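This report describes a set of local and inter-chain features.

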Amino acid sequence: MGQMISSLKFLFIGLLLTTSVINAGVDLTPRSGISLNAELGKVSQGSIVLKPDASQISAVRYRLHSLQLNDYKINPNRLKVKTLYTIGAESLDLYRTFLSGNENANQVNADFEFEPEWSDAPGVYMGSLVSTNDVPTIPVKITIVPKTVVSLQPAIFSINSSLVNAPIAHEVSVLLGSNSPHWELYLNTDHFIQEATDEKINADRIFVRIKDEINPRPWLALDKMLKIISGVATPITTITILEFLVSSERADRAGEYLGNIKFLVRNIN
Amino acid sequence: MTHKIKRLLFAVLVTIYSVNSYSTEAEQWQEAASIAVTAVVAPYTTVKLSTNEITFDVRGEPGEYYSNEEVEVTVGSNQSTWSVYVDASSLSTNNVEIAALPSSRLAYAVDNNKEYQSLDKKMLFLQGVAAQAPRPVKLRFRLTTTWQDAPGTYKGNITFAFLNNP
Amino acid sequence: MKLSLASSKLALLLISIIPSLVLSTGEAKIDVRVQADIHSSMHMQWQKLSERDERYQQARVKLKMESDWILLPYGLYVELQTNDVNKMVALRIDDLISTDKKRTITKDQFYISINGGELYSAIEDLPLLSPNDRGVMKKQILLFILKVKPSNYAGSYAANFKFITNTLP
């Protein structure tokens, strides 16, 4: 009977201890967890504040359990955290110490870093940080914004007008980077105008084609929005070399005509 | 009533879907870059002469003789204004003892104009603007000889000069 | 009577060696070659003058001759012009022959006065146009004087007048 009572006391104490552990809490601010807006070319940063209650005397470690959009998963080592107990920003593919247990109810910051890659499709990635302790998981939400970068070399040029069957063409290299799963590049222009006289070269006399020395392609007029090329997500690379031609007519007054050729991108997610 | 409500609800849903689709597509378009282009139309002038030779067949005493052929001059240019001048040199022989025929002996007339203009100095005979389609102009030449002109072969030039004002 | 020599031919050859040209900027020129072939040309015109003709009278007034010489009642008006320095024109007169062909007055008795000036014997050709006269219009009135000899028979006589044109080598 006495042994039974001792056992029961031990059990009760164990239960109390267990309850203490169960009841020991960590408040998160914000309660929604980690939310980052990530843009290509930049390191996005965010923070949460962990406030342990006084009974939290054990260390709390977290790692990234998952981070995905539909079937696409981001490697956990790409999300990093910096706490008082990490050496700089450390990847969350491993458990990292957020709380040491010695905070005495003082709050601690955890700073997160994430840099998207071109292969990460735009969208909202959801995941969570899980702990070995009986503490709440921390929701992770990373929104990767769509981005397409286009760079032209050269960005400005002068071209002599010529005949389509004896063209004087000017080359422009198009560099493009995009995280869109599918993108389309369009060209558009308006009339070219001679400022002094208001004379015009209509857009239907401005032509473009993709450079192909082996199999020259037909010239395409820029009198309407023209789809020139399409592709999938890619880091910044030269996607094509374009040739431009301005068709001449005898009635054209001599001189310079100024215009702008616009490059538009359509991202299809 | 229920059927009508359903139809109305369906129509509203379709409308929202369509609007959202359009908005979504419009937002996916972005002007990523533009390139400033200067198209240069090179100035040009083309001149055509219908013939490289005209002849004067003069029989009899000195006087005024007219070319048998007409020279047709066609000028095309894309410059704002252009002018064509005609000028003649004196006609001289290899014999230094024979005096040259001064350029004032040559004269020209344009198209059906009966009046001849002397070529004693540079003369403007044609003007145009860029928007003008090329139009051939006919030139007739006249040479006046005198008893003072010794027999011989005289040579010289008639010069067409083009001045463009882009 | 008017006589016009049309032995000249004037050919003017206008050659354009460049029938077309494309110019790019500024002022540019095309030269068209001109070639003129001028040939020798001469004008000659003569007219018989009666003694009532004013021109005859103008020359007659200036004429000085012996009183017993006979001035024929007709003269000759001659116009000569040439562009050729090598051209010369002279007047040649034959012996006078009576109309019945029986009598002759030799030309050594015949004299010619130009515009009432000095007398030239008709033995030799009378120069009317010389190289120095190139380009000049020479208008001359010829009066004819006969130095009659006692042996000359009265009657009507005729003579041939010829204009001789020579070209210097």
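Which residue is the bridge partner of V71(B) in β10(B)? The bridge partner is L139(B).

## Basis of the description

The model is predicted: local features need pLDDT of at least 70, side-chain atom pairs count only at pLDDT 80 or more, and totals for chains, interfaces and linings use all residues. Residues are numbered from 1 along each chain as its sequence is written, while chains are lettered from A and ligands numbered from 1 in the order in which they are written.

## Chain B and its strand β5

Chain B contains 1 helix and 11 strands; helices (H or I, at least four residues) and strands (E, at least two) are DSSP runs, numbered from the N terminus. Along the sequence the pattern is α-β-β-β-β-β-β-β-β-β-β-β. Of the 166 residues in chain B, 28% are buried; a residue is buried if 20 or more other C-beta atoms lie within 10 Å of its own, exposed if 12 or fewer, and partly exposed in between, with C-beta atoms placed from the backbone. Contact requires that the C-beta atoms of two residues, placed from the backbone, lie within 7 Å. Among contacts in chain B between residues at least 6 apart in sequence, 73% join residues at least 24 apart.

Strand β5 of chain B (residues 71–77) pairs in the antiparallel sense with β10(B), residues 136–144, over 4 bridges. Strand β2 of chain B (residues 45–49) also pairs with β5(B) in the antiparallel sense, over 5 bridges, and there T46(B) stands opposite G76(B). Pairing of two strands requires that DSSP find at least two bridges between them. The covered face of β5(B) consists of V71(B), V73(B), V75(B) and S77(B), and the uncovered face of E72(B), T74(B) and G76(B).

## The interface between chains A and B

In this interface, 23 residues of chain B are in contact with 35 residues of chain A. Strand β1 of chain B (residues 29–41) gives the most to the chain B side, with 13 residues. By class, that side has 14 nonpolar, 8 polar and 1 charged residues; Ala, Val, Leu, Ile, Met, Phe, Trp, Tyr, Cys and Pro count as nonpolar, Asp, Glu, Lys and Arg as charged, and the others, Gly among them, as polar.

Strand β13 of chain A (residues 156–160) runs parallel to β1(B), joined to it by 5 bridges. V40(B) in β1(B) is the bridge partner of N160(A).

K262(A) lies in strand β22 of chain A, residues 255–268. Because it has 16 C-beta neighbours inside 10 Å, K262(A) counts as partly exposed. Leaving aside neighbours within four places in sequence, K262(A) is in contact with L187(A), N188(A), T189(A), E31(B) and S34(B).

## Nonpolar cores

A nonpolar core is a set of buried Ala, Val, Leu, Ile, Met, Phe, Trp, Tyr and Cys residues joined through C-beta atoms within 7 Å. The largest such core has 30 residues, of which V150(A), V174(A) and A39(B) touch the most other members. At least two residues of this core come from each of several strands, including β12 (148–153) and β14 (170–178) of chain A and β1 of chain B. Apart from this core lies another, of 28 residues, among them V71(B), V73(B), V84(B) and V32(C).
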